[in-house]
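Colleague: I would like to learn how to read a model like this one. Please take one feature at a time, with the general idea before the case.

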Amino acid sequence: MKRKNALLIFLTLTFLIDWSIAGVMYLFDIKMRNLSGIVLGVLYMFVPMIVAIYVQKTIKKEEIKHSLGISFKLNRWYWIAWLLPPFLSIIAFLISLLFPDVTYSPDMQGMFDRFKDVISEEELALMREQMETIPIHPVFLTLFQGLLAGITINAIAGFGEELGWRGFLLREFENFSFWKASIIIGIIWGIWHAPLILQGHNYPQHPEIGAIIFIIWCVLLSPIFNYVRIKSGSVMAVSIMHGTINGTYGLSIIVVQGGNDLIIGLTGLAGFITLAFALILLYLYDKNFSKLQIMNSNIIDLLATHTTNQGEKNEKA
């Protein structure tokens, strides 16, 4: 009963606080691209962490660091967490080009076309001017900045979410199988995003259907995040992965023209295909090369082995 109460309190507080923040943004027409919107967006991301710490300490009365998987001991899964996101974005970009009426646009005309309904003409003109003055192609700048942000500021923001999802929730669902826990956490994660998606985040052309599509996207991404969390033995690695996905997402759409936000990019149909393919490869790796088959195990057994960040030592795979 204590565990069920803790889970219910975590979900109730997290959704109540964050959806209230989203409500304020909606009522006062605060956009994510404005300074006030960025501040509220960052606060939105940190609520799962704050609530997880509160529930862990005051409701469950347990220590935080070990239970929630906070460890700074590096292993090769940190590298995978950092370098996999841009690879996924590039694959999604290539798959986007396979759809009808979608073409490669090295001059980024497609990106400007997508932004013309989101920002003012003055902001769009300034964006064009800035792009033209950059000494290297913006694709390479996006890659460099995204990788840098992924291990710095974006990782910090990602930690705000991941301590809740892959720290607290994964522990709460420890009696479930890897797949069951991943699907449930993915659904919760996706629904939690819904108020922001409805305001045009990620799917500005289709916010309503985008809110549903993004839940499915989170379900596809959740097993990959959970796998990295368990393999690395730390929620920090997943925070880096989360931050780097946010930072390098632009690689999947920056030189694409045509299509729409439901089709192109890492969060569109191209991304769904990319993540599904990645899951198949991960499953084959886990089944054929990993000493401990994570995807066929229960979370409680996996956390017992890896939470102390000994996964890389105990399982050289």
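Modeller: Glu162 and Arg166 are both buried, where buried means under 20% relative accessible area, exposed means over 50%, and partly exposed lies in between (1.4 Å probe, protein chains only). This is a predicted model, in which local features need pLDDT of at least 70 and side-chain atom pairs count only at pLDDT 80 or more, while totals for chains, interfaces and linings use all residues. Residues are numbered from 1 along each chain as its sequence is written, and side-chain values use heavy atoms, with hydrogens and water left out.

Colleague: What do the side chains of Glu162 and Arg166 meet in?

Modeller: The general idea is that side chains of opposite charge can pair when their charged atoms come close. Here Glu162 and Arg166 form a salt bridge, with 2.7 Å from N to O. The term needs a side-chain nitrogen of Lys or Arg within 4 Å of a carboxyl oxygen of Asp or Glu. Glu162 and Arg166 sit about one helical turn apart, because they are four residues apart in helix H7. Helices (H or I, at least four residues) and strands (E, at least two) are DSSP runs, numbered from the N terminus.

Colleague: How many salt bridges does the structure hold?

Modeller: There are five. One of them joins Arg171 to Glu174, with the closest N and O atoms 3.1 Å apart. Arg171 and Glu174 are both buried. Another pairs Glu62 with Lys60 at 3.8 Å, N to O.

Colleague: Now the helices. At what angle do the axes of H7 and H8 cross?

Modeller: In general, two packed helices are described by the angle between their axes and the distance between the axes. The axes are lines fitted to C-alpha atoms, for helices over the stretch in contact, and angles run from 0 to 180 degrees between N-to-C directions. H7 (residues 153-172) and H8 (residues 178-198) cross at roughly 150°, and their axes come within 11 Å. H7 is therefore roughly antiparallel to H8. The classes are roughly parallel under 35 degrees, roughly antiparallel over 145, roughly perpendicular from 65 to 115, and oblique for the rest.

Colleague: Which residues make the contact of H7 and H8?

Modeller: H7 contributes Glu161, Glu162, Trp165, Arg166, Leu169 and Leu170, and H8 contributes Ile185, Ile188, Trp189, Trp192 and His193. Contact means heavy atoms within 4.5 Å. By class, the contact of H7 with H8 has seven nonpolar, one polar and three charged residues. Nonpolar covers Ala, Val, Leu, Ile, Met, Phe, Trp, Tyr, Cys and Pro; charged covers Asp, Glu, Lys and Arg; the others, Gly among them, are polar.

Colleague: How far apart are the axes of H3 and H10?

Modeller: They are 8 Å apart, and H3 packs on H10 (residues 235-248) at about 25°. H3 is therefore roughly parallel to H10. Their crossing is right-handed. Tyr78, Ala81, Trp82, Leu84, Pro85, Pro86 and Ser89 of H3 meet Met236, Ala237, Ile240, Met241, Thr244, Ile245 and Thr248 of H10. That contact has eleven nonpolar, three polar and no charged residues.

Colleague: Which residues does Ser89 touch?

Modeller: Leaving out residues up to four places away in sequence, Ser89 touches Thr248, Tyr249, Leu251, Ser252 and Leu266. Ser89 is in H3 (residues 76-96). Its relative accessible area is 0%, so Ser89 is buried.

Terms used. Left-handed = near helix turned anticlockwise from the far one by under 90°.
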